[in-house]
Amino acid sequence: MRIAHLLFYLGNTMKQKILIALLCIVAGLLLILWRSLSFPVIEIHPRTDFILDQVRVFDPDRKNVSKLSLEFRNNRIFKIRKDQPDNEAEFAGMTVTPGIVDMHAHLPPHNLLDLIPYFSLLYLSHGVTSIRIAGDIDGTAVPYARKGIEEEKFFGPKIVSCDAFVTSGVPRWKNSIVVNSPEEAKKAVYDLKKKGADCIKSYENLSVPMIRAIVETANKEGLPVIGHVPYGMTYEESNIPDVQHFFGIPRPQTLEKDSVLNRGSDWGEVNEKLLNDIVHHSTKHGIANTPTLVASERLLLFSDYESAKKDPAVSLMPRFYREVVWNPEIGIPAYRGIGKEYLKKHVQGALTKKKTLLRKLYQAGATLHLGSDAQQPFVVPGASLHQEMRLFREAGIPAMDVWKMATVDANRSIGSESSFSLMEGASPDLLIFKEDPTNDLTKTSSLYAVVSRGKLYLKKDLDFLVQEFQEQQSKLLFEQISLFLGKLALEKQTKEFKH
């Protein structure tokens with residue numbers, strides 16, 4: 001009996017050891033997986049006490065420059081001086097502007113790939129100090145990003161968000177409020193206000209009465225309304241207060257089909273009279289426009305996909321974006337299989353007319369916003385807003401006015417006037433350039449430092465972190481897992497976004 005007991009005990013002990021060994025192996029694999037997918041440890045800390053000594057401060061409102069010294073203590077302006085020049089100071093002679101705002105931004109969902117810290121960093125490293133989220137695809141991105149940035153787990157811009165998409169019919173995105181009547185549309189606005197939304201995103205398949213109910217209710221609640229002009233409706237019929245992407249300008253009957261590609265590119269029948277009518281309607285009704293020209297321009301990179309993947313801005317993105325999400329054969333369904341002829345005739349032709357319309361709207365005094373629609377094909381967070389600024393300049397808008405739109409005008413629109421306030425006690429958002437970019441937008445590449453909520457980040461430190469993220473994402477295990485998960489995520493997120 002004793003021998004039997006001993007053998008039983010030894011057998012159990014051996015099983016326990018095997019089980020423990022297996023658990024250790026699993027734990028080790030999970031640890032390797034976690035380390036491969038988690039973002040790098042942030043070992044760089046912004047300055048909260050610093051002096052911007054003898055800098056050239058650009059005021060977009062007055063379009064002038066003042067030589068000032070701004071002393072910050074505990075991330076607030078402690079003192080503003082006009083004397084005591086020190087030409088040897090670190091920032092002496094540099095140009096300071098307010099931070100820029102992306103008025104049509106997006107963040108990826110919060111999932112195992114954990115890309116939100118990297119995307120947030122990309123915005124900030126390009127001087128984008130605030131973003132307006134034009135819809136949180138599944139409702140996970142904004143809460144995670146805000147919490148992470150507030151707790152300084154990672155760096156990023158201020159975030160204002162429209163939260164859910166107010167839509168009708170089959171919803172394209174998980175985070176949608178589906179309405180079927182003006183009464184339900186009103187309730188959606190109240191629900192979003194209660195939830196803490198900063199704006200309302202009017203989306204697809206809505207009727208004119210539904211849109212009117214959204215706008216009227218949002219106005220009473222003090223919430224701006226931005227949105228798509230639904231397919232089949234004209235720009236004028238929708239009367240959306242802030243129209244995105246210039247949707248609704250081509251007449252519905254001239255569109256080949258209901259697709260975001262066609263709605264943004266089938267401008268062949270848009271003539272001078274229609275452009276003038278749109279300008280008249282916009283100014284008469286106080287309609288703002290966020291055209292996201294860069295999203296159209298970047299589609300042209302599909303003409304040479306292999307070269308597009310090597311584009312300097314595109315190369316900032318994880319491999320699965322370059323090879324899966326933006327792949328012309330298996331990527332975002334709405335953009336699959338675009339032919340070179342279509343790109344040349346429709347996309348390029350539409351972009352030319354959009355620039356003409358933009359110039360006309362500017363000359364008429366209409367409200368214009370700069371947004372990127374990041375994550376559309378080859379549209380990279382942060383870098384794309386610089387490209388949008390350049391496109392506004394190419395349309396004939398003076399550089400200083402582009403700066404005004406991208407900074408103080410945008411901040412006023414999102415209720416963030418304090419972000420460009422230069423007064424003692426303020427914690428502003430500022431950009432510091434080695435060369436003056438206010439007359440020459442190519443000089444934005446001389447960005448030296450970013451002040452976000454009164455904290456100073458050197459560009460070289462932010463770029464170092466970008467490189468750390470890229471090295472993490474280029475590891476074989478991360479690449480293989482992200483390619484696999486990226487395909488699953490793309491299929492899941494775009495399940496209803498086929499057109």
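**Exercise 1.** Against which elements do the buried residues of α13 pack?

Solution. The model is predicted.
- Step 1: list the buried residues of α13. They are Ala383, Ser384, Leu385, Gln387, Glu388, Met389, Leu391 and Phe392.
- Step 2: find their partners. These residues pack against the strands β5 (100–105) and β6 (128–133), and against the helices α9 (293–299), α12 (340–363) and α14 (399–413).

**Exercise 2.** Check the span of helix α13 (residues 383–394) against 1.5 Å a residue.

Solution. 
- Step 1: take one less than the number of residues, times 1.5 Å.
- Step 2: look just past the helix. Glycine 396 has a positive phi of about 110 degrees.

**Exercise 3.** Describe how helix α4 (residues 182–195) meets helix α5 (residues 208–221).

Solution. 
- Step 1: geometry. The axes come within 8 Å and cross at roughly 35 degrees. The crossing is right-handed.
- Step 2: contacts. From α4 come Pro182, Ala185, Lys186, Val189, Tyr190 and Lys193; from α5 come Pro209, Met210, Ala213, Ile214, Thr217, Ala218 and Glu221.
- Step 3: composition. Nine of these residues are nonpolar, one is polar and three are charged.

**Exercise 4.** Is glutamate 183 buried or exposed?

Solution. 
- Step 1: Glutamate 183 is in helix α4.
- Step 2: apply the cut-off. Exposed means over 50% relative accessible area. Glutamate 183 has 55% relative accessibility, so this residue counts as exposed.

Definitions and conventions:
Residues numbered from 1 in each chain as written. Predicted model: local features only at pLDDT ≥ 70, side-chain atom pairs only at ≥ 80, totals over all residues. Heavy atoms only, no water. Axes fitted to C-alpha atoms, helices over the stretch in contact; angles between N-to-C directions. Helix = DSSP H or I, 4+ residues; strand = E, 2+ residues; numbered from the N terminus. Left-handed = near helix turned anticlockwise from the far one by under 90°. Contact = heavy atoms within 4.5 Å. Nonpolar A, V, L, I, M, F, W, Y, C, P; charged D, E, K, R; others polar. Buried < 20%, exposed > 50% of the residue type's maximum accessible area, 1.4 Å probe, protein only.
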